[in-house]
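Subject: Structure handover and notes

Dear colleague,

I am passing on to you the structure we spoke about, together with some notes on what turned up when it was examined. Please keep it open beside this message as you read.

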Amino acid sequence: MNTTALHTKYRPDSLSKVIGHTEAVTRLKGIIASGKLPNAILITGPSGVGKTTLARAFAADLNGGISALTSGDYIEVNVADNRSIDDIRGLDRISRHRSIYGKKKVIVLDEAQALIGPALACALKTIEEPSADTIWILCSMEPEKFKSGQYRALANRCVQFNLSLPSNKDMLKQAVRIC
């Protein structure tokens with residue numbers, strides 16, 4: 001019996017397979033095509049809208065396909081569970097290593113709104129003084145949190161995407177794709 005969750009099983013594995021979020025997908029494809037890669041990206045939007053999926057698709061397209069997500073060049077961390085300063089320092093150390101398989105190492109901080117205190121300051125410093133070989137992607141379901149204080153400083157150092165809920169038309173396209 002296959003116990004893979006449906007949202008994981010049918011998750012798009014490249015930007016060309018993402019349905020909806022047309023503006024974000026177009027901009028991300030343009031970033032890859034231009035070769036002018038940012039140090040950090042902030043993707044915000046409601047829960048379940050596809051923030052992490054978009055980050056994964058971007059990383060796969062950037063580094064040559066879905067297999068890039070299983071290499072050491074892709075790290076995804078849920079900050080709600082791993083938000084100590086030691087966790088962020090560890091990621092900073094990893095970010096200083098060169099990419100092994102792809103163009104860039106991609107580190108995704110999911111639930112980035114959970115960064116607080118010294119860990120938030122450490123993340124800000126890491127993104128201010130980035131490694132040339134790493135792109136940081138922060139995902140958050142609380143865009144309003146990134147409008148003040150250190151969160152705003154963090155957001156200002158990122159290329160920003162704000163996703164909205166998919167339309168009924170997009171949901172139908174996704175259902176057809178799965179079928």
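This is a predicted model: local features need pLDDT of at least 70, side-chain atom pairs count only at pLDDT 80 or more; totals for chains, interfaces and linings use all residues.

Strand β3, residues 105-110, pairs with β4, residues 134-140, in the parallel sense over five bridges, and β1 pairs with β4 in the parallel sense, over five bridges. If you look along these pairings, you will find Val-106 opposite Ile-135 of β4 and Leu-109 opposite Leu-138 of β4, while Leu-42 has Leu-138 as its bridge partner in β4.

How many of the residues of β4 are buried? The count is seven of seven, and the strand is described as mostly covered. In a regular strand the side chains alternate between the two faces of the sheet. In β4, Thr-134, Trp-136, Leu-138 and Ser-140 point one way, whereas Ile-135, Ile-137 and Cys-139 point the other way, and all of these residues are buried.

The helices around it

The crossing in which α4 passes α5 is right-handed, and the contact is made by Ile-85, Ile-88, Arg-89 and Asp-92 on the side of α4 and by Pro-118, Ala-119, Cys-122, Ala-123 and Thr-126 on the side of α5.

Helix α5, residues 117-128, also has its axis within 10 Å of the axis of helix α6, residues 149-156, and the two cross at roughly 20 degrees; α5 is therefore roughly parallel to α6. Here α5 passes α6 in a left-handed crossing. Gly-117, Leu-120, Ala-121, Ala-123, Leu-124 and Ile-127 of α5 meet Gln-150, Tyr-151, Ala-153 and Leu-154 of α6, so that you will find Ala-123 named both in this contact and in the contact with α4.

Which residues of α6 are buried? They are Tyr-151, Ala-153, Leu-154 and Ala-155, and these buried residues pack against β1 (40-44), α5, β4 and β5.

An aromatic pair

A search of the whole structure finds one aromatic pair. Phe-146 and Tyr-151 form this pair, which is edge-to-face, with 5.5 Å from centre to centre and 80 degrees between the planes. Both partners are buried, Phe-146 as well as Tyr-151.

Single residues to look at

Most residues other than glycine have a negative phi. His-21, although it is not a glycine, has a positive phi of about 50 degrees, and you will find this residue in the loop between α1 (6-9) and α2 (22-34). Glu-111 is not a glycine either, and has a positive phi of about 60 degrees; its place is the loop between β3 and α5.

Are these two residues buried or exposed? His-21 has a relative accessible area of 17% and is therefore buried, and Glu-111, with 19% relative accessibility, counts as buried too, because the term applies to values under 20%.

Finally, please look at Tyr-74, which lies in strand β2 and is buried, with a relative accessible area of 9%. Leaving aside residues up to four places away in sequence, Tyr-74 touches Arg-56, Ala-59, Ala-68, Leu-69, Val-106 and Val-108. The C-alpha atoms of Tyr-74 and Ala-60 are separated by 8.9 Å, and the two residues are 14 residues apart along the chain.

With best wishes

Technical notes:
Residues are numbered from 1 along each chain as its sequence is written. Side-chain values use heavy atoms; hydrogens and water are left out. Rings of Phe, Tyr and Trp (its six-membered ring) pair if their centres lie within 6.5 Å; planes under 30 degrees apart count as stacked, over 60 as edge-to-face and the rest as tilted. Buried means under 20% relative accessible area, exposed over 50%, partly exposed in between (1.4 Å probe, protein chains only). Two strands pair if DSSP finds at least two bridges between them. Helices (H or I, at least four residues) and strands (E, at least two) are DSSP runs, numbered from the N terminus. Axes are lines fitted to C-alpha atoms, for helices over the stretch in contact, and angles run from 0 to 180 degrees between N-to-C directions. Angles under 35 degrees count as roughly parallel, over 145 as roughly antiparallel, 65 to 115 as roughly perpendicular and the rest as oblique. A crossing is left-handed if the near helix is turned anticlockwise from the far one by less than a right angle, and right-handed if clockwise. Contact means heavy atoms within 4.5 Å.
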